[in-house]
Amino acid sequence: MKKFVDWFSHGLIRYRYGFLILCVAISGFFAFQARNISFKTNLGDFYPLKHPYLKIQNRLTEIFGGLNQVSLAIEVKKGTILNAKTLDKVWRITNELYLTDGINAARLVSLSARKVKHVEANAEGFTTDWLMHDPPKTQEGLAQLKARILHNPLVYGPLVSEDFRATLIQADFESGISSREIFTLLEGIKKRYGDEGHEIYISGQPVLQGWLDFYLPTVTKLFIVTLLAMSWALYNAFKSKRGVLLPLSSAAMATLWGLGLTAFFGFKLTPSTVLAPFLVFALGVSHSVQFIKLYYERMSRNERNSKAVAIKITRSLFIPAFTGLLTDGIGPFTLFFVPLGMVRSLAIAIGFGIISIFFSTVVLVPNLLSFMKPPRRLEVVKEERTTLTNRMLSYFAALAIHKRSRWTVITSFFVLTFIALFGMSQLQVGDKNPGSSLLFPDSPYNKAEKFVSEKFGAAEPYYIFVKGTHYDTFLRSRALKEMDSLQRYLEREVKGVGRTLSLVEYIKSMNMLMFAGDKDEFKIPDNDKTIAEYLFLYSLTGFPGDFDPVVNPNYEYANIKVDLRDHKADTMQQAIEKTQEWIIRYHKDEAIDFQYAGGNVGMLAATNQILAPMLTVNSLQTSFLVFLCLVLAYGSLVSGWLLIIPLVFRTMLVFGVLGFLRVGLTAEMIPMVALGIGFGDDFGIYIVSRIKEILKEGGGSLKDALVEAMSTSGKAVFFTGLTLTLGIATWMFSSILMQVRLGALLGFFIFFNAIGTLLVLPSMLMTVKPKFLRQ
């Protein structure tokens, strides 16, 4: 390896013009590729598509449709909705939706939708009429409509709020219609029909995806903030133009190559992958800092030949830089095996960037330094002068040198780690807040979802697929009574249930009407033939497809829709557990089979179920592979243990803090842990490598080598951690909450790792005094 490094270091500078032209040419090619990159949100990336719950959802979508369901609520600011102006808005919006390409007309529900009926019983059976064919203009007409609403349990509550101040329109679009088209359509309706007397709220998965698409391009502004923040950190570190411009140029090249590779292989920027350029840029700067710092250190020793110094710093830092980038790449590598599209795509995008960083740091930085004139003495003095950072690092080194203080540091570290174990026991999987966890609570989408939930109890749909063994299964009283029993059980046992809906409610309503509206008769008839007669009589005046959302045309498949008020982990888990509990205790009819969990609740629950085991597996995988790389790099098991144990314990400390803060474990925690472990070991690698180099060059004691390494590589590590943290922390200014959380958590994790390395690693090295440092 030594011969190869010597050969590479000399060849890099000897053929520096060729390497520089190659870097420029490849950058030009990737710049051409990057022009085709685009933004796109796919909500399927946030769910484990092979999970059984997702298979149930796919089956439901295949038979009943419904993944593109949206809710549009109209609220009056004064009075009730029973006025000509408000009802005219409902009528016009409904008709506009009917004429929209891709609308599933059979699933459009509103006060004036043709499938929402006013049903009356007569001597011949049933007569059905639109609940509101046209908006009533008179007080008599308004009073009649109010009476119809109050006597229809499928309208009063589900479509009209109990205080009559809001009404709901629900629509479903065919799968071929993009979320962006649906979002644009609904936003247009909201702007046209909203006024000083009416507030319009829109929610649903296509609307959420539309908002994410809307916010995505705004992250380009954050890149400017990142650039300014990192420029400030670099200037504070080096006090020179080359100390700022070289790392930024190196990082820019790595970022451009990463984006070019992403576009070349056909990937798009999503809410997760759009973070990759920020991370690659920050990581590129952090590795370049080590080269610039060693360059100034060499220049301070009166080594004034730029080419010779470039060769020396390449030779010194090739192994630690290669090892650091290898451990950096382990995080994305292990993330590729996580069954979430958002995590895999982020892993691929970061992986492309890390490959690029090797060329931008190990090749480009020494190459450019070899062309530059040696810095003026004043520039070197400014960089080497004692600062607050130097004093802090000297204090950390002093703690390690003295036996009592270093044992205090190590003991305190282990004690805090064991305390963190209690905090980790408080961790809960899933989001603890209502609304979408991807956006802020005060975002327009989450406000709309909250309003729909509070007024109509219909924020989060949870579907149960009921499969019959033959045609006409759901014309049987026994099958419908079992469905009814499950619905009532969930309404009674699960606090978060707003309401439930299935074919059961339609049959019970018909039965009540046949008994002159007697509410005691709101039940399933005992005779199978009676049920078949009800449906036949209804079909004579009803609209084809009226029951399509709840049962298929041959009555072999049905579904139960359970509307939960929120998607908190506890609410979803309770709903699923109670469903399973009912099936075990009360399900007797062998002709039907209850399968769960579909809808948005099922997809979120599936994600929650894989989170805890995947976090554990991914953390162990990443730690083991990092440990293996360290052992191979330094040829010693002790080196691996010395660097990996503190890192694992620091990871436990971070999770302990999250547990004490009652932060729920969400999907973005997986990349946070994997990347934090992979990136966090860079700091220890550079310090250990510097100590080895000092001992090799001048011999001396470990104590003296540690003090010198802390003042040189230690300073670079501090600013490496700072620049990397700043580059990631700018995500906290995003409008997408998922990015904010990942930025805050990963930024804190990395800076905590940097400070932890500078504080704990020196004490452990002085305690163990490993032999590999002198090999």
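Mentor: In this predicted model, α11 is the element that gives the most to the lining of the second largest pocket, with 8 residues. The volume of that pocket is about 830 Å³. Its lining is made up of 27 residues, and those nearest the centre are R315, S316, I319, K692 and K696. Besides α11 (306–335), the elements that supply two or more lining residues are α1 (2–14), α21 (599–634) and α23 (669–698). Sorted by class, the lining of the second largest pocket holds 13 nonpolar, 10 charged and 4 polar residues.

The largest pocket can be set beside it. Its volume is about 1,200 Å³, and 48 residues line it, with N152, P153, L154, V155 and S509 closest to the centre. The class counts for this lining are 24 nonpolar, 14 charged and 10 polar. At least two lining residues come from each of the strands β2 (117–122), β4 (166–172), β7 (497–501) and β8 (557–564), and likewise from each of the helices α5 (139–150), α17 (477–493) and α18 (503–514). Here α18 gives the most, with 6 residues.

One of the contributors to the largest pocket, β4, also belongs to an open sheet of 3 strands, in the order β4-β1-β5 with antiparallel pairing. β4 and β5 are the edge strands and have a single partner each, so one side of each has no neighbour in the sheet. On average, neighbouring strands of this sheet are turned by 20° against each other, direction ignored.

Strand β1 (residues 69–76) is joined to β4 by 7 bridges, and β1 also pairs with β5 over 7 bridges. E75 shows both pairings: its bridge partner in β4 is A166, while in β5 it stands opposite E199.

Although β5 is an edge strand, 6 of its 7 residues (198–204) are buried, so the strand is largely enclosed by the rest of the structure. Helix α4 (residues 84–98) lies across β1, β4 and β5 and runs at about 0° to β4. Helix α6 (residues 179–193) lies across β1 and β5, at about 170° to β5.

Definitions and conventions
Residues numbered from 1 in each chain as written. Predicted model: local features only at pLDDT ≥ 70, side-chain atom pairs only at ≥ 80, totals over all residues. Heavy atoms only, no water. 1 Å grid on protein atoms, 1.4 Å probe; cavity = no way out; pocket = protein on both sides within 12 Å on 5 of 7 lines; lining within 4 Å. Points joined across faces, edges and corners; volume = space filled by probe spheres on them. Helix = DSSP H or I, 4+ residues; strand = E, 2+ residues; numbered from the N terminus. Nonpolar A, V, L, I, M, F, W, Y, C, P; charged D, E, K, R; others polar. Buried < 20%, exposed > 50% of the residue type's maximum accessible area, 1.4 Å probe, protein only. Pairing = 2+ DSSP bridges. Axes fitted to C-alpha atoms, helices over the stretch in contact; angles between N-to-C directions. Contact = heavy atoms within 4.5 Å.
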